[in-house]
Amino acid sequence: METFEIIATAINAVMMLLAVITFVVSACQYRHQQKLSFFEKYTARYQYLMEHMPEEFFSAYDKELQEETKKENSHFIRLYLDLCSEEYYLYTDGRIDQTVWEEWKEGIAYSFKNPYLSQYWNERIKEYKESYSTFFAFVNDEILKQSNK
């Protein structure tokens, strides 16, 4: 009877170990899937914004844009900055890999070199400072200092 109990205990221990391993692997796969889902969702939003951004946004800077184009530019710039702030918060919350974040951060820095976006930011700096304080600090401390180099 003693041998049977030892075998049963060993089998139980192996089963418990397999259950723990299965749980850990499943949790890792779930986390990876979540990160992939975030990446796909935010990439799709970015592509949509770039496809619908007025052509003037990508052309030579013209301070004398038509009022309708200015409004359209402003609308899409606002959506883009909202997207960037969400990406920043996802990164600070650990939901985006460092490698992905570095690429997105480079893209944000590059976007701030666009005169329309920079002008939009400067005209609404108070709003961003009050409503998006940590994103505002990130832009001013990392992005703008980097683009001024």
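In which handedness of crossing does H2 pass H3? The views below begin with that pair of helices.

This is a predicted model, in which local features need pLDDT of at least 70, side-chain atom pairs count only at pLDDT 80 or more, and totals for chains, interfaces and linings use all residues. Residues are numbered from 1 along each chain as its sequence is written, and side-chain values use heavy atoms, with hydrogens and water left out.

**View 1. Helices H2 and H3.** The crossing of H2 past H3 is left-handed (the near helix is turned anticlockwise from the far one by less than a right angle). The axes of H2 and helix H3 (residues 98-111) approach within 11 Å and cross at roughly 150 degrees; axes are lines fitted to C-alpha atoms, for helices over the stretch in contact, with angles from 0 to 180 degrees between N-to-C directions. H2 and H3 are therefore roughly antiparallel (angles over 145 degrees). Helices are DSSP runs of H or I with at least four residues, numbered from the N terminus.

**View 2. The salt bridges of Arg78.** The structure holds six salt bridges (a side-chain nitrogen of Lys or Arg within 4 Å of a carboxyl oxygen of Asp or Glu). One of them joins Asp82 to Arg78, with the closest N and O atoms 3.5 Å apart. Both residues belong to helix H2 and are four residues apart, about one turn of the helix. Asp82 is buried, at 18% relative accessibility, whereas Arg78 is partly exposed at 23% (buried means under 20% relative accessible area, exposed over 50%, partly exposed in between, with a 1.4 Å probe and protein chains only). Glu127 also forms a salt bridge with Arg78, at 2.2 Å from N to O. Because Glu127 lies in helix H5 and Arg78 in helix H2, this pair ties together parts that are 49 residues apart in sequence.

View 3. A salt bridge links Arg95 and Asp93, the closest N and O atoms being 2.8 Å apart. Arg95 is partly exposed at 39% relative accessibility, and Asp93 is partly exposed at 48%. Ile125, in helix H5 (residues 125-131), is 32 residues from Asp93 in sequence and 24 Å away in space, C-alpha to C-alpha.

**View 4. Glu55 in the loop between H1 and H2.** Glu55 is located in the loop between H1 and helix H2 (67-92). This residue is exposed, with a relative accessible area of 60%. Its C-alpha atom is 9.2 Å from that of Asn73, 18 residues apart along the chain.

Definitions and conventions. Helix = DSSP H or I, 4+ residues; strand = E, 2+ residues; numbered from the N terminus. Parallel < 35°, antiparallel > 145°, perpendicular 65-115°, else oblique.
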